[in-house]
Amino acid sequence: MHGITVKNTAGHLLISSEFEALHSIGRCSINLDGPPYPSNYLTSFPGYGGSLNGRNWHRYSIGTGDQVPVFFILPRSSSRFFSFLNIFQGPPRYPGQPAVWHLDVLVSGGGTLHNTPIVYAFAPRSSLPEAVPPTYRGPPDYGFFYNNMGLQTKMADGRVAFDSRMHPLAITDTISVTPPMYPCNGGVPAVGGGYYGWNDTTLDFDFNCTNTYTQTALTTTIPRKYLMFSVPSIQQAVYQRTKLGHKTSYTPWYEGGGQQEHYSNATWWCMYRGAFRLRQGILDAGWNQLWAGYHFSSLVTDNFWFSGGDQRMETGTQPYAPKTINLQPSTVMFADARNYMDGMQESYYAVDL
Amino acid sequence: MFGLRTKDTPAFWVPDFIPGFTTEDSNWSYIGSFIAAAGGDNSLTNAALDIVGEVLISRSLVNADPDNQEAYIHNCTRVGNTVTATHGLTSGTVATLVVVLAR
């Protein structure tokens, strides 16, 4: 038996030649491949209007080869919720370069590009291209040099398990959190529930998700402005409000008599994804709005035969019947961003919050 | 007091910069990750899981279009030094990234 094992005071195994630590790849670029236009922000029900608390959709990118990186967000706002929407691999930017991984992030509060978080990526040392040097940290007048000092451990097969020059990731804390079952401020909307006036298209339900979250106190000593986190947004939900409208109209006897039945259906739906907000000493687990849509139809029947007056509108397709799925705990990992900042500019990003 | 601390060139522009890695700060280690394809199973075996005290498994959507889909992630279990992701009727309908942490 040979190799190295390092434990901390609590006896936790932290460095071992049996497994590869994650190392910093650097800061991800934002929107390099363009935002997913036209859906990069949502502020209202398409085709209806009204207002939603909304979201912005940002795409971050970094080249790491085939290994899936682990992404951490450094929020620049204590009021926004963030969702790790999706991780996916794209082709290299140029032939011969490593494949690019993308992280799509939702930020609550649509309509602006403010409050974009900083995203850092980490991967095992062995998966990083050799072209990626240890991050330069010296002041500019030192010139560009690579640090040749530090500690490196290798696994039995020769892969580098730990390399202190590559800023290995120190996960300082983890917690497990779950958003509440129902994302809407208004609770669970009614589908149908009796008839309203014909062509009633007044939305009477609060689809926003600003007040639906669970709070977990944090024990970390890292200042809020340097605390970054990683958590998958696995939770999904769709909820729908439907108002059915009806009236009967009568034709005067002197115009021939008879009656007509008028029916309408107004439906609003919203799809949500799990979202997380970092405040001073607290992590909130809640929801972000992902998509929304509106459906309206209206028709007139004459003695139960369709007789015109048909109106129909549909924006988007409701993904599935109303429900919440994947409502399971998400593991939140925390780390100190100060260890991975690689440019002077970033000290300005990490504003006081 | 025991553990490991490595030093790094200070990043002078970052206030309160913490130079280097220290096991005082670190609490969890990354063991590995794998992707379970939609409608399939997959697993990770690592001898390190035999010598750690606690294991955390984190799952997220990967290579999955977040557009209108009823996306159920895989179920995960750990037995000995193996973490397995399995699918079923209401699980594993989309690709799932499984990240394994331990300490």
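## Close-up views of a predicted two-chain model

**View 1. Lys243(A) lies over the face of Tyr196(A).** The distance from Lys243(A) to the ring centre of Tyr196(A) is 4.8 Å. Keep in mind that this is a predicted model. Lys243(A) also takes part in a network of salt bridges, together with Asp200(A), Asp204(A) and Arg241(A). In general, side chains of opposite charge can pair when their charged atoms come close. For another charge over a ring, find Trp291(A): the charged end of Arg55(A) sits over its ring, 5.3 Å from the centre.

**View 2. Arg59(A) and Asp104(A) meet in a salt bridge.** How many salt bridges are there over all chains? The count comes to 12. In the pair shown here, the side chains of Arg59(A) and Asp104(A) come to 2.7 Å, N to O. Arg59(A) sits in strand S6 (residues 55-63) of chain A, while Asp104(A) belongs to strand S9 (residues 100-108) of chain A, so this pair links distant parts of the chain, 45 residues apart. Are these two residues buried or exposed? Both Arg59(A) and Asp104(A) are buried.

**View 3. Asp163(A) and Arg125(A) form another salt bridge.** Here the side chains meet at 3.7 Å, N to O. Asp163(A) lies in strand S12 (residues 160-163) of chain A, and Arg125(A) is in the loop between strand S10 (118-124) and strand S11 (152-154) of chain A, so the pair ties together parts that are 38 residues apart in sequence. Why does Asp163(A) count as buried? Its relative accessibility is 1%, and the cut-off for buried is under 20%. Arg125(A) counts as buried too, because its relative accessibility is 10%.

**View 4. A salt bridge joins Glu70(B) and Lys323(A).** The side chains of Glu70(B) and Lys323(A) meet at 2.6 Å, N to O. Glu70(B) lies in the loop between strand S3 (55-61) and strand S4 (75-79) of chain B, and Lys323(A) is in strand S22 (residues 323-325) of chain A, so the pair joins two chains. Glu70(B) is partly exposed, with a relative accessible area of 28%. Lys323(A) counts as partly exposed as well, at 30% relative accessibility.

**View 5. Tyr182(A) and Tyr239(A) make an aromatic pair.** Searching the whole structure turns up 13 aromatic pairs over all chains. In this one, the ring centres of Tyr182(A) and Tyr239(A) are 5.8 Å apart and the planes are at 75°, so the pair is edge-to-face. Tyr182(A) lies in the loop between S13 and S14 of chain A, and Tyr239(A) in strand S17 (residues 236-250) of chain A, so the pair ties together parts that are 57 residues apart in sequence. Tyr182(A) is partly exposed, with a relative accessible area of 37%, whereas Tyr239(A) is buried, with a relative accessible area of 5%.

**View 6. Phe205(A) and Phe207(A) also pair up their rings.** Their ring centres are 5.0 Å apart and their planes are at 75°, so this pair is edge-to-face. Phe205(A) and Phe207(A) are both buried. Which aromatic cluster do they belong to? It is made of Phe45(A), Tyr48(A), Phe205(A), Phe207(A), Trp268(A) and Tyr294(A).

**View 7. Met181(A) is part of a nonpolar patch on the surface.** Where is Met181(A) in chain A? Look in the loop between strand S13 (173-177) and strand S14 (191-196). Met181(A) counts as partly exposed, since its relative accessibility is 40%.

**View 8. Arg93(A) and Thr43(A) are 32 Å apart in space, C-alpha to C-alpha.** Along the sequence, Arg93(A) and Thr43(A) are 50 residues apart. You'll find Arg93(A) in the loop between strand S8 (82-90) and S9 of chain A. Arg93(A) is partly exposed, with a relative accessible area of 34%.

**View 9. Chain B has six strands and zero helices.** Starting at the N terminus, its elements run β-β-β-β-β-β. Chain B has 103 residues, and 52% of them count as buried. Among the contacts in chain B with a separation of 6 or more, 60% come from residues 24 or more positions apart. The accessible surface of chain B comes to about 4400 Å², with 50% of it belonging to carbon and sulfur atoms.

Technical notes:
Residues are numbered from 1 along each chain as its sequence is written. Chains are lettered from A and ligands numbered from 1 in the order in which they are written. This is a predicted model: local features need pLDDT of at least 70, side-chain atom pairs count only at pLDDT 80 or more; totals for chains, interfaces and linings use all residues. Side-chain values use heavy atoms; hydrogens and water are left out. Patches are made of residues with over 30% relative accessible area and no salt bridge: like charges are joined within 9 Å, nonpolar side chains (Val, Leu, Ile, Met, Phe, Trp, Tyr) within 5 Å. Accessible areas come from the Shrake-Rupley method with a 1.4 Å probe; for residues, only the protein chains shown count as cover. A salt bridge is a side-chain nitrogen of Lys or Arg within 4 Å of a carboxyl oxygen of Asp or Glu. Helices (H or I, at least four residues) and strands (E, at least two) are DSSP runs, numbered from the N terminus. Buried means under 20% relative accessible area, exposed over 50%, partly exposed in between (1.4 Å probe, protein chains only). Rings of Phe, Tyr and Trp (its six-membered ring) pair if their centres lie within 6.5 Å; planes under 30 degrees apart count as stacked, over 60 as edge-to-face and the rest as tilted. A charge sits over a ring if NZ of Lys or CZ of Arg is within 6 Å of the ring centre and within 35 degrees of the ring normal. Contact means heavy atoms within 4.5 Å.
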